[in-house]
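Please open the structure in your viewer and keep the sequence beside it, so that each stop can be selected by residue number.

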Amino acid sequence: MSNIKTAIAALMAAFSISAAAQNNIVDEVAWVIGDDPIYKSEIEEFYQDALQERMPIKGDPYCTLPEQMAIERLFLHQADLDTVLVSESMIQQQVEGQMNFLLNNLGSKEKIEQYFRKPYSQIREYYATNMRNRYRIGQVKQSLTKDVKVTPNDVRRYVDKLPADSLPYVPLQVEVQIMTLNPVIPREEIESVKARLRDIAERVNNGESDFSTMAILYSEDGSSVRGGEIGFKGRADLVPEYAAVAFNLNDPKKVSKIVETEYGYHIIQLIEKRGERVNTRHILLRPKVSDKDLSEAIQRLDSVRTDIVDNHKFSFEEGARYISQDKSTRYSNGVMVNEATGTTMFEMSQLPQEVSRAIATLQPGEISQPFVMRDASNRDVVAIVKLANRLEAHSANLADDFQLLKDMYENSAKEEIIDKWLQKKIRETYIRIEDGWRGCEFEHEGWLKNNK
């Protein structure tokens, strides 16, 4: 639930600012940035939301929070001066993604409204405003730091100056290669699934049943709790087979033919089209893999492992290229890529649990016994893995962690530029802090220059 908490915290902060701005006729002004006031109610609501969502607050919240708001207004003012434009289609696409995220986690529009105590339309509007401001601030920061260039010598000098206890601690990391086989599913099982879907489609098309009700009852996708609705998506957001059918639907009362994707078999119903985005609902059924099918796949992969380890007929890398059915790794010798970092190194917690267990006792170069796991499409597959490399937990060093240290230096250089710009902006901007809000140790200097 950490992701949902983070998203909701950001949204609640946006609500605080917007709600106060709409109800500020008799509100008390705490700060003034240029000609833009920060009201006491904004700060109070922001603080209450932070407490509710357990957001970390450094120091006195009645000092820290208004300073954060003031900094945001300075960046937005610069965005106005720089005429930073925002693609509304991009913002709306991001809002759709966030609203779908909330739907997935909270279950329905009604529950979202109950959680935020706001109408659904207002939640969308506030989210769009928050997204728009974040994008504009990001563009200002990017413009300020666009000329930062980092060389290996810069990184070495940076690391040499760091105290030893300031170097980051790098946990155990591993590099893993994987090979998978999909169990053979009998034709009768596939035809049985298709027959069930054809029956549902016929009942809906004849008006005997409601599609969303059938999705709740029978679909094996997480969207079943919403009657199969997946929200507005562009073509790139959908697997190609699904997109090809979804974007060709025109009659919301009719159901598509059966669509096969890597996730299983679907029938689809159109809800609404908006330009290059479409909202559909679907019912997903997956052919069941029997214990016998899994056992046979395990035996086949065990034979492959024997040919690699004992018979030396071919290497793991060759097996990954010519035998493995894992599409994401078969063209890279089976090497898994960490999507969070873009590298081939994983912390153990970042790996699928089945893979993590399989390599826990391996030494570099060793290959696991076959095991069953769920792949990215949520299907049962059989796999073997090879531990290609193990990097023990350690303090970061240039030899093993150059990219990490390079990123640290680059971020530090950018933060220094932004901090200098902010200090200059504070000096040049009219700022007024009212009585009762001045006795603070602010992170940045200069806020009180007009308060004598």
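Predicted model: local features only at pLDDT ≥ 70, side-chain atom pairs only at ≥ 80, totals over all residues.

Residues are numbered from 1 along each chain as its sequence is written, and side-chain values use heavy atoms, with hydrogens and water left out.

Begin by selecting Cys 63 and Cys 440, which are joined by a disulfide with an S to S distance of 1.9 Å (a disulfide being a pair of cysteine sulfur atoms within 2.5 Å). Cys 63 sits in helix H3 (residues 61-81) and Cys 440 in the segment after strand S13 (431-433), so the pair ties together parts that are 377 residues apart in sequence. Helices (H or I, at least four residues) and strands (E, at least two) are DSSP runs, numbered from the N terminus. A search of the whole structure finds one disulfide, and because the torsion about the S-S bond of Cys 63 and Cys 440 is about -75 degrees, this disulfide is left-handed. Cys 63 and Cys 440 are both buried, where buried means under 20% relative accessible area, exposed over 50%, and partly exposed in between (1.4 Å probe, protein chains only).

Next, select Arg 117, found in the loop between helix H5 (109-116) and helix H6 (120-145). Most residues other than glycine have a negative phi, yet Arg 117, not a glycine, has a positive phi of about 55 degrees. Arg 117 counts as exposed, at 61% relative accessibility.

Finally, move to Asn 333, in the loop between helix H12 (316-322) and strand S9 (345-347). Although Asn 333 is not a glycine, its phi is positive, at about 60 degrees, and with 28% relative accessibility Asn 333 counts as partly exposed.
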